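Trainee: I am new to this structure. Please take one part and go through it closely with me.

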Amino acid sequence: MTFRERTAVALGDAHLQEALNIATTRFIELRREAFASFPGGEELRDRARAIKEATLQRLDHYLERLVDQVERRGGRVHYALTADEARDGIVEICRRAGARMAVKTKSMATEEIELNEALSHAGIAPVETDLGEYIIQLAHEKPSHIIAPAIHKTKGQVAELFSRELKRHVAADPEVLTRIARVELREKFLQADVGITGANFAVADTGTVVLVTNEGNGRMVTSLPRVHIAVMGVEKVVPSMSDLVVLLAILAKSATGQKLSVYTTLVQGPRRPGELEGPEEFHLVLLDNGRIRQLAGPLREALYCLRCGACLNVCPVYRQIGGHAYRSTYPGPIGILLTAMLDGPRAVGELAHASSLCGACAEACPVRIDIPRMLIELRQGGVEHKTAPWAERVVFRAFAGLLARPALYRLAAPLARVLQRPFVREGAIRRLPLFLRDWTKTRDLPAVAGRTFSERWPELERER
Amino acid sequence: MSQARPAPVRASLMVTCLGDMLFPEVGVSIVRLLRGLGVSVDFPKGQTCCGLPLLNSGYRAEAAAVARRTTLVFQDAAHVVVPSGSCAWMVKHEYPALIADPALRATAEGLAQRTYELSQFLVGVLGETRFRSAVSGRVTYHDSCHLLRGLGEATSPRTILRNLRGAELVDLPGHDECCGFGGSFAVRLPEVSSAILDKKLANVEASGAGCVVACDAGCLMQMAGGLRRRGSRARALHLAEVLQWEGASTAPMKLEWAAAAPSKPPHSREGDDRGAGEAGARTR
């Protein structure tokens, strides 16, 4: 299926439309209220952006410092150049620990490296403990939003899913559903040998890995199993605790409209002598997977991304089609850029056009990533490397030629008037062939005027 | 209103490709409106399109060629008035970056400074905010994306519409949300574009306004096309089409295409002799 075909499927899915509309509208309201009630919001965004840029400028330094600090506290750090390396490394750690089951927090990095598939393949059962991810895992699906993986499901659909799984009727009541998941998961937390988390940030100065959740499952995953593995894209390192404070505040406001998320979990290495809880082993997996290359690449700014999901919520395209239609780990406007970063620009030939360039994403982005500009650059790459369709290139080049020749351009209107004659009714066109057919399927098209402005100008000039 | 000014303000109209071919009435209205306000208006020869469709689809070299020649076409203009926020944004925001030649780039930077979307020119340069309405009843305002987020302009059009004599400005739910046009996006992903449009039009209808005003020909093409297809009674009009200078002596404009919705044909096909209050808008 082409991307366009997938969008048509999504548009025809009534449940998806209902769920998306409710959730994205709510997210937008929450974010708006959070910034409206916090006068320093714009300045905070500037500071967050400056922190990200300063970090990227000395990324090697901060990563080295992070590694040093984690190791000093008894943790182990693994650097993975590729998704394969990360996956294999994590499976190996689990194997050595003799693990049969791994509990997980929500983590886009582990989605990116398709960790669950690898774990299952190795005989280690991955158990998602974030409610949204838990739902997704039961449904054998993939997350469709960066922070709300099950955003595409209505509560009715979740109740159906739970009913089928438990073989009894479950009410479509979020509280009931949450309680069921809580009971199911409590056992798993106690049984699991390994806890696998992502990391929203890691502080270079202190070797602290930071998890932001609203369910508290992050604490269980990092404290109950014997082994804790945190997986993190290299760009998530922050220099200091004071930088962390800024980023935590802007992340919570942008993602869910909160001042801070309900749980902010700070983890520093394995359990130390005298401590009552915490894992025996702590591993930090630093994931490159195409990121470092972009430090000097056209997508550098996408490395600022905090994964808040705000750009998805405001994107008119995402709001209509949801995340699955993108068929990439990261959906939405930033997802297109991240997909190009991870899989190369050719992977987003179609997706680069999945934007009206309305700019709502850049406006909502806490660190002001200029997403539309990079989408245009990706489109440009398609033209320059001739991966854009041949016919399209001919049409646009012909159009460009016309714009450069005013004498020829003046002939366009008379010609169009002749060509449009069979189609015009009451000044408008209801059906056209070729590439304009798709316009007229749902919209009338104004006919080229009987007299263009240019043609009227001479008499208009005399009018005064 | 327009007191005698020391020297007449000069403005050059950049009518844009859509304005020229599809919405000539908008350009005509602007010329008459500006002249009524004492502005001397010219229409530089050789103008075509600003090149934004090329830039947005990834044809940067071609867009740069258009930027170079359009800069030369308008280099002598005292002010450039553009009826579309997106085209104004292209000139103001993108032209300098597209032009490599230092001398021409400097010219483009100067041009960018002197280029205004219509409402910005009316309010910011001329200081004119009070107009007579060419439509009656309620009107609402759609923020075009490039005008709102590209040029940061949300107040000028609203100031004008709020002061409009003979019409009432009402809020549009989701006023800052895209209409789904996006240039080639509307044809590349027509289903998504139409779904976004449906939402916009539902909001227009929910606003209770008989007319949605925008400052961008692209949005108007999209919204008017959708309204017409669904047989809606609401109209999509350019700001210039709803404005009349208080002292206007010329006949009210004829809103050819916008007025000719199948669900409610205008009272008169000729239209030129209609009263201002009836032109194009639903009479409530």
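Which residue in β7(B) is the bridge partner of B:Val139?

Mentor: The partner is B:Cys211. Keep in mind that this is a predicted model.

Now look at its partners. Strand β7 of chain B covers residues 211-214. Three bridges join β7(B) to β5(B), and the two run parallel. Next comes strand β6 of chain B, residues 165-170. Its pairing with β5(B) is parallel too, over five bridges. Find B:Gly137 and look across to β6(B): B:Ala167 is its bridge partner there. Then turn to strand β9 of chain B, residues 243-244. Here the sense is antiparallel, and two bridges make the link to β5(B). B:Ser133 has B:Leu243 as its bridge partner in β9(B). As background, strands of a sheet pair through backbone hydrogen bonds, either parallel or antiparallel.

Step back to the whole chain. Chain B has 14 helices and nine strands. Of its 284 residues, 61% count as buried. Take the contacts in chain B with a separation of 6 or more: 78% of them join residues 24 or more positions apart.

Chain B is divided into two parts: domain 1 spans 10-123 and domain 2 spans 129-278. The contact between them takes 31 residues from domain 1 of chain B and 32 residues from domain 2 of chain B. On the domain 1 side, the elements giving two or more residues are α1 (17-21), α2, α3 (52-56), α5 (85-98) and α7 of chain B. The largest share of that side, eight residues, comes from α2(B). By class, this side of domain 1 of chain B has 15 nonpolar, 12 polar and four charged residues.

Helix α7 of chain B runs over residues 118-125. Its buried residues are B:Leu118, B:Ser119, B:Gln120, B:Phe121 and B:Leu122. What do they pack against? The list has strands β1 (10-13), β3 (80-82) and β4 (115-117) of chain B. It also has helices α2 (24-36), α9 (155-162) and α13 (239-242) of chain B. Just after α7(B), B:Gly127 takes a positive phi of about 70°.

Now bring in chain A. 53 residues of chain A are in contact with 55 residues of chain B. The chain A side of that contact divides into 29 nonpolar, 12 polar and 12 charged residues.

Finish with the largest nonpolar core, which has 229 residues. In soluble globular proteins, nonpolar side chains tend to be buried together. Within this core, A:Val285 and B:Val242 touch the most other members. Leaving aside residues up to four places away in sequence, A:Val285 touches several residues, among them A:His78, A:Ala80, A:Ile90 and A:Met232.

Technical notes: Residues numbered from 1 in each chain as written. Chains lettered and ligands numbered in written order. Predicted model: local features only at pLDDT ≥ 70, side-chain atom pairs only at ≥ 80, totals over all residues. Helix = DSSP H or I, 4+ residues; strand = E, 2+ residues; numbered from the N terminus. Buried ≥ 20, exposed ≤ 12 C-beta atoms within 10 Å, placed from the backbone. Contact = placed C-beta atoms within 7 Å. Nonpolar A, V, L, I, M, F, W, Y, C, P; charged D, E, K, R; others polar. Core = buried A, V, L, I, M, F, W, Y, C linked by C-beta atoms within 7 Å. Domains from an automatic or database assignment. Pairing = 2+ DSSP bridges.
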